[in-house]
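This briefing sets out the ligand surroundings and some individual residues of the structure shown below.

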Amino acid sequence: MTKAKAPRVPRHIAIVMDGNGRWAKARHRPRSFGHNAGRRAVRETIEACLREGVQVLTLFAFSSENWQRPQDEVGALMSLFVRALDKEVDELHGHGVRLRFIGELAAFDDALRERMQAAMERTAGNERLQVNIAVSYGGRWDIVQASRRVAAAVACGELRVDEIDEAALGQRMSLAGLPPLDLFIRTGGECRISNFLLWQVAYAELYFTDTLWPDFDQACLRRAIEDYARRERRYGRTGEQVANAS
Ligand code: IPE
Ligand code: IPE
Ligand code: MG
């Protein structure tokens, strides 16, 4: 009997883009040099997703915890985001990419927030690939903001307490309405989630690689997808049940 395999190409991939600092350190350059070098890896990954037919790519660019980094590094990252938005949006739009920013956007200054908003509006009609960029994002924050919205719906009589279920919370999370997360990738060698998509990661396939983010390229993504294609997703059932169902 053949084993039930996950569909070959994940519909939704999320990536913790880690290792920029170590990549720069190995070259005796400042950490910001590594962050800047990571831009090429983002472009490569988006190109590979377009080619492979991935529907949604969610990238962890800046965590709620990253605000604790030295001020000059945070500042360098903010100006990198501004430069990247000014330079890359046209091309992404031309490729049919829909851009979305998720996270506590109110934490950013007006200039950056306006650019994010403009990029989202400009690309809103695109359907080829949705790229979500998580900035000032934390998985716990996401669950808290969804809970707050549930509470508000109860307070105004839109929702009853006994109607609160996984769907009620799930449809108020940042990535509501998108295909479930299939493949969670982390570069840079650490085997942890670091407060990324806590709710959405529940049944994602996890893939950790030692490759530092600036070195990640289309071949690396292909390897991750090939690894994913060999997984058997059981969702609590037995292998036999899964095989018989397919
Ligand atoms: C990831 O690379 C980028 C951000 C967190 C913004 P790091 O800056 O964490 O790189 P390492 O982990 O120190 O090598
Ligand atoms: C996670 O990487 C955040 C991003 C890649 C944006 P970190 O480098 O901040 O994670 P920790 O601190 O090693 O867990
Ligand atoms: Mg790191």
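In this predicted model, 13 residues surround ligand 1, and the closest are Asp18, Gly21, Arg22, Arg31 and Arg69. Ligand 2 has a shell that includes Asp18 and Arg69, along with residues such as Asn66, Arg192 and Ser194. The space taken by ligand 1 is the largest pocket, and the space taken by ligand 2 is likewise described as the largest pocket.

**Ligand 1: contacts and cover**

- Gly21 approaches ligand 1 through its backbone, with an N or O atom 2.9 Å from an oxygen atom of the ligand.
- Arg22 uses its side chain, in which an N or O atom is 2.7 Å from an oxygen atom of ligand 1.
- Arg69 places a polar side-chain atom 2.7 Å from an oxygen atom of ligand 1.
- The protein buries 87% of the 380 Å² that ligand 1 exposes when taken alone.

**Ligand 1: composition of the shell**

- Three helices each supply at least two residues of the shell around ligand 1: helix 1 (20-26), helix 2 (31-52) and helix 3 (71-94).
- Helix 1 gives the most to this shell, with 3 residues.
- By class, the residues around ligand 1 comprise 3 nonpolar, 5 polar and 5 charged.

**Ligand 2: contacts and cover**

- Asn66 has a polar side-chain atom 2.9 Å from an oxygen atom of ligand 2.
- For Arg192, a polar atom of the side chain lies 2.8 Å from an oxygen atom of ligand 2.
- The side chain of Ser194 brings a polar atom to 2.6 Å from an oxygen atom of ligand 2.
- On its own, ligand 2 has 390 Å² of accessible area, and the protein covers 78% of this.

**Ligand 2: composition of the shell**

- The residues that surround ligand 2 are Val16, Met17, Asp18, Phe60, Ala61, Phe62, Asn66, Arg69, Arg186, Arg192 and Ser194.
- Strand 2 (residues 56-63) provides the largest share of this shell, 3 residues.
- The shell around ligand 2 divides into 5 nonpolar, 2 polar and 4 charged residues.

- Thr187 belongs to the loop between strand 5 (183-186) and strand 6 (205-208).
- Thr187 counts as buried because its relative accessibility is 0%, and the cut-off for buried is under 20%.

**Residues with positive phi**

- Most residues other than glycine have a negative phi.
- His28, in the loop between helix 1 and helix 2, has a positive phi near 55°.
- With a relative accessibility of 74%, His28 counts as exposed.
- Ser136, located in strand 4, also has a positive phi, near 45°.
- Ser136 counts as buried, since its relative accessibility is 2%.

**Gly125**

- Gly125 is situated in the loop between helix 4 (110-122) and strand 4 (129-137).
- Gly125 counts as exposed because its relative accessibility is 62%, and the cut-off for exposed is over 50%.
- Between Gly125 and His93 there are 9.5 Å in space, C-alpha to C-alpha, although the two are 32 residues apart in sequence.

Methods:
Residues are numbered from 1 along each chain as its sequence is written. Chains are lettered from A and ligands numbered from 1 in the order in which they are written. This is a predicted model: local features need pLDDT of at least 70, side-chain atom pairs count only at pLDDT 80 or more; totals for chains, interfaces and linings use all residues. Side-chain values use heavy atoms; hydrogens and water are left out. A residue is near a molecule or strand if one of its heavy atoms lies within 4 Å of it. A polar contact is a pair of N or O atoms within 3.5 Å; within protein, one must be able to donate a hydrogen and the other to accept it, and residues adjacent in sequence count only if both atoms are side-chain atoms. Accessible areas come from the Shrake-Rupley method with a 1.4 Å probe; for residues, only the protein chains shown count as cover. On a 1 Å grid over the protein atoms alone, a cavity is a set of points where a 1.4 Å probe fits but cannot get out, and a pocket is an open set with protein on both sides within 12 Å along at least five of seven lines; lining residues have an atom within 4 Å of a point. A molecule sits in a cavity or pocket if more than half of its atoms lie within 2 Å of its grid points. Helices (H or I, at least four residues) and strands (E, at least two) are DSSP runs, numbered from the N terminus. Ala, Val, Leu, Ile, Met, Phe, Trp, Tyr, Cys and Pro count as nonpolar, Asp, Glu, Lys and Arg as charged, and the others, Gly among them, as polar. Buried means under 20% relative accessible area, exposed over 50%, partly exposed in between (1.4 Å probe, protein chains only).
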